[in-house]
Amino acid sequence: MVSCEASRWRFRSGAFVAGLMRVPGKRVEPIFGADQNLPRGSLSGARNILVVRLDEIGDVVMTTPFLRELRRNAPNAWITLIVKPELYNLVELCPHVNQVLTFSWQGQAVLEPLQRHWRALNLARQLTRKRRFDLAIIPRWDVDWYHSTFLVYASGARERVAYSEKVNAKKEAFNREFDKLLTRVLVDRSIRHEVQQNLNMIRALGGEVGCDEIELWLARDDERFADELLEKHGVVPGRVLIGIGPGAGAQKREWPVSLYAELGAWAREEFGATLLIIGGTDDQPKGYALQQVLARNCIDITGRTTLRQLGALLRRCTLYVGNDAGPMHLAAAAGIPVVGLFCHPKGGSAASANSPTRFRPWCARSVVVQPPAARPPCVDECVALEAHCILGIRLEDVKGAVFSLMSERHVGEGGVGGGLSV
């Protein structure tokens, strides 16, 4: 996040905002440390549970095991999940929750703070009119950029649980005094994969975790869409289909399109592959550029599918290769081998929001490709706004990663979350 975002968050953090958001008749309850978890059985005894997950595609995909294990531990509870509107399609069919609602945290720059507060209070009024929540949970470990803490506070839930503002330095700076809006906080500074961080919250709440596999929930219409699209382009079952994801949420995470074009041409000749160019509306210029260069046996679907339709298409892919972005995590959830390109240099800080330690593809067959070192002036992580450290990834390294997954039936040992690094 840039400095202007940080300054806005400092303005609306802490006791000032807590006062603004105060719910009549409620008071901020004492905060408990990580070693004082809710009593065992609290999950199974909960009747109404609220889960707030307002971040991006990959974050929500990596929360699917949490939702499943939450249901396993609270089989009789009514579970409400709140996501941002753009992700409703992805979780609409989730079998582990009773209700999916949306909350938009984006607004006009000048009025954004007040708009967020108003929307949070308005949604909270609608929620509390129908439900008296025993428990509200924010599984996110890192900085709350999304107004989740205020929404949970305004919900009036008896127990409001999240990772503490003190789990890392950035969160402590940007979410100062957010802990006051919660009843219980988990103070765990350990660096682990986000799937594991989410599941750690289940354990902190006295629950048990039986499985850590991520999930993808599709409808028959999504499957039919994928079959018809591929049939239209002459892709028959058994044909090698390689998904390519050239986009990302930040330019520094984007490997050059020209190199993806070279990679695609090589994969087409090496494996006889058809190439499926994947991404959102913002990635359409990249998709168009690749389509123009690669031409034959290249299908550009950037910005032309829903998230579930994209998931169905990924299930039909032989392999996926792309940047550290939402489609990479969807590919992992689809159960196909994944090559993930990260801008984070080898030896960099594991706590970084770009680190594969936290965000690598959560699947058994994956290879992570990273720059061998940071490019000055970057040191522990890439801090550039444009493609910088990621330019250190060589085409030959990506080809080698693709070849290894295409050639070997099983890559890596250690089950889900395993894989190799290059």
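Reader: Happy to start with the surface: what share of the accessible surface of the protein chain belongs to carbon and sulfur atoms?
Author: Good place to begin, and do keep in mind that this is a predicted model. The accessible surface of the protein chain comes to about 17700 Å². The part that belongs to carbon and sulfur atoms is 51%.

Reader: And how much of the protein chain is buried?
Author: Here a residue counts as buried when its relative accessible area is under 20%. The protein chain has 422 residues. Of these, the buried ones make up 56%.

Reader: How many helices and strands are there in the protein chain?
Author: Both kinds of element are present in the protein chain. The count is 17 helices and 13 strands.

Reader: Let's look at strand β4: which residues point one way and which the other?
Author: In a regular strand the side chains alternate between the two faces of the sheet. Strand β4 covers residues 135–138, and its four side chains named here are all buried. One way point L135 and I137; the other way point A136 and I138.

Reader: Which helix belongs to the β-α-β unit with β4 and β5, and what is the unit's handedness?
Author: The helix of this unit spans residues 148–154. Together with β4 and β5, the unit is right-handed, and its helix is α8.

Key: Residues are numbered from 1 along each chain as its sequence is written. This is a predicted model: local features need pLDDT of at least 70, side-chain atom pairs count only at pLDDT 80 or more; totals for chains, interfaces and linings use all residues. Side-chain values use heavy atoms; hydrogens and water are left out. Helices (H or I, at least four residues) and strands (E, at least two) are DSSP runs, numbered from the N terminus. Buried means under 20% relative accessible area, exposed over 50%, partly exposed in between (1.4 Å probe, protein chains only). Accessible areas come from the Shrake-Rupley method with a 1.4 Å probe; for residues, only the protein chains shown count as cover. A crossover is right-handed if, with the strands pointing away from the viewer, the path from the first strand over the helix to the second runs clockwise.
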